[in-house]
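Keep the sequence and the 3D view side by side as you read.

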Amino acid sequence: MTTTVSNDAALLPAVRSFLSSPKQLLIAGDWVDAADGKTFGTINPSSEEELVRVSQASATDVDRAVKAARTAFEAGSPWSKMSPRERSHLLWRIGDLIDERAEEFAQLESLDNGKSLASARGDVGVAAELFRYFAGWATKMEGTTIPMSVPGRDFHAYTRREPIGVVAGIVPWNFPLTMACFKVIPAITAGNTVVLKPAEQTPLTALRLGELLLEAGVPAGVVNVLPGYGDAGAALVDHAGVDKVAFTGSTEVGKKIAAGASKNLKKVSLELGGKAPNIIFDDADLDAAIAGAALAGYFNEGQCCVNGSRLYVQRGVFDQVVEGVAAAAKAITVGDAFDPATTMGPLVSQEQHEKVMGYVRGAVADGATLTAGSPDPAKDRGYFFSPTLITDVTEDMAVQTDEIFGPVITAIPFDTEDEVVAAANNTVYGLAAGVWSKDLGTAHRVGGKLRAGTVWLNTWHADDVTLPRGGYKQSGWGRELGSFGLDDYTELKTVIAELR
C-alpha cells in the first residue's frame, strides 16, 4: 500500500456554498429544522473533520414527512394528476440536471463518504443514467387482458399496475447517491411518493438531490428527505401510513425491518449482506483472473455487498494467484479522496475502521497469515486501511463467514469442482458469486450451481441499469433495477366487468 497525503484541492463554489450553512430536513417541499432542534455532524473520513451540521430527524419528523407524502399521493393532488408522459419528461430532466452538476455531486460524495473523486464521478454518472432509464418505463406500465371461461356469461377482464402509495426508502452509506436513486426513482416512476432516510454517515448527496428534485419541478411532498439515525428508520418502518419499506443494508438490520413491517404487513423489499465466493480454476486466464480478483475484493474500499471477498483457487495455480493478488494489493494507492493519485480512499468511519481491523487481528490470532496488509495500519488522521489478503484460513473463521465490508480478501485452495461448489454455497448469504475458467462449459455449469442472485463468469462488477439486482437466502427479498425493478413498487389490480 502506498498512502498519499491529503491535498487541499479547491472545492467548487457551489460545494462551498452548500457546506456553508447547516442542512435541514426536506418535508412537504420545505427545508425545516428537526422538531426537537437536534443536529449531528457529518464527518470527512479522509481528515476526520466535521463538514457541516445536519438536522437529525425524530419520530415526530417522520410523522410529518409521512403525512406530507400521503397528501401528495392522494387523488386530486398535482402528483396524482401528472400523466405518465409528464412523469417521464420530469425524470429525464432530473437526469440532465444531475449531469450538469456532476462535479458538484461527486465532490460532496467524496467528502462525505471518502471514496476517490474518480469513483464518485462514476457513481454520479450512474445516478443520472438511472433517471433516464426509468423515464422510459413511466409510459410502459401496462396491464393485460385475460379471457374468462364462464358458460353462458360474457366478461371482460384485465389487469392494471397501480402505485402502492407511500414508500420509505432507507439507504446505506457505501453508495449514498446511487442507493438513494435505487429507491426514489422506481418509486416515483410508478407514481408513488417517498420518504428517504439516508445513512447518518453520508447524508449530503441525498440532501442535494432533494434540492435538485424541487428545482426540476417535483411537486411538494412527493420526495421527502430525513437524515437521522436508526430511531428515525425504525419510526418509518413502524408508521401505519407507510405502505412499503425499501431497504439496502446489513442482514441484521434487514431482519429487524421485516419484523417491524409485519405489524401491519406493509410491503418490504430488502437488499442485504453478501459474502461472495470468487472461484478461479487452473485453466483460467490467470492475468485476467488475478486482476479481476483484486477488483472483486477491493472495489469501493471493499465496502460493497457484492464484492468477491472469498477467493477459492484451484491448488495447481494457488500460489501464483495469491502472489498476483498480493502484488495488486500492494500497488494500490490509498489516500485522500481528492488526491489524483488515490485509487482507494479511507473507510467510511472510525467505527467501520475498528470493525475491519478487529476481523483482521482476529484472523491472525486464529492462525491465518497476512500475505498483504497490516493488522495495525499506520495513520495520522483519516480512516485509511491497507488492502489485505489473508491465507491459511479455515471455513469456520469469522473472517471467512462474516461480511466484513472492508478491503479484505481471504484465499483458500481447492481441488475439485464439487468441493468448491459446496464451500462456495456454505454461507447464509447469496448475493453474488463468480467463476473464472477458459472452459465455458465449466464456467456456465458451475455458475448454475451457485446460489446467488448475480453470477459473473470471467469478469466481476460488470453491470448495467437494465439488469436486476438482489439475492438468495439471507441476502434479501425482491429485485431492483431493470424492468423487474418496478414490480415491487406497484400493486397488481384485476378488474372484471360483465358484458350484458
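The paragraphs below look at the nonpolar cores and then at the salt bridges.

A few ground rules come before the tour. This is a predicted model, in which local features need pLDDT of at least 70, side-chain atom pairs count only at pLDDT 80 or more, and totals for chains, interfaces and linings use all residues. Residues are numbered from 1 along each chain as its sequence is written, and side-chain values use heavy atoms, leaving out hydrogens and water.

In soluble globular proteins, nonpolar side chains tend to be buried together. A nonpolar core here is a set of buried Ala, Val, Leu, Ile, Met, Phe, Trp, Tyr and Cys residues joined through side-chain atoms within 4.5 Å. Buried means under 20% relative accessible area, exposed means over 50%, and partly exposed is in between (1.4 Å probe, protein chains only). The largest such core has 77 residues, and L19, I94, I98 and F131 have the most contacts inside it. Helix α6 (residues 117–135) contributes the most, with ten residues; helices (H or I, at least four residues) and strands (E, at least two) are DSSP runs numbered from the N terminus. Because domain 1 (13–272 + 477–493) and domain 2 (277–465) both give residues to this core, it lies between them. The domain bounds come from an automatic or database domain assignment.

Now zoom in on F131. Setting aside neighbours within four places in sequence, F131 is in contact (heavy atoms within 4.5 Å) with L91, I94, G95, I98, C181, I185, L209 and L213.

Next come the charged side chains. A salt bridge is a side-chain nitrogen of Lys or Arg within 4 Å of a carboxyl oxygen of Asp or Glu, and the count by this rule is 27. One of them joins E162 and K493, at 3.1 Å from N to O. Because E162 lies in strand β6 (residues 155–163) and K493 in strand β21 (residues 490–498), the pair ties together parts that are 331 residues apart in sequence. E162 is buried at 18% relative accessibility, while K493 is partly exposed at 38%.

Another salt bridge pairs E417 with R445, their closest N and O atoms being 2.7 Å apart. This pair links distant parts of the chain, with E417 in helix α15 (residues 417–424) and R445 in helix α16 (residues 440–449), 28 residues apart. Finally, D96, D99, E129 and R132 are linked in a network of salt bridges.
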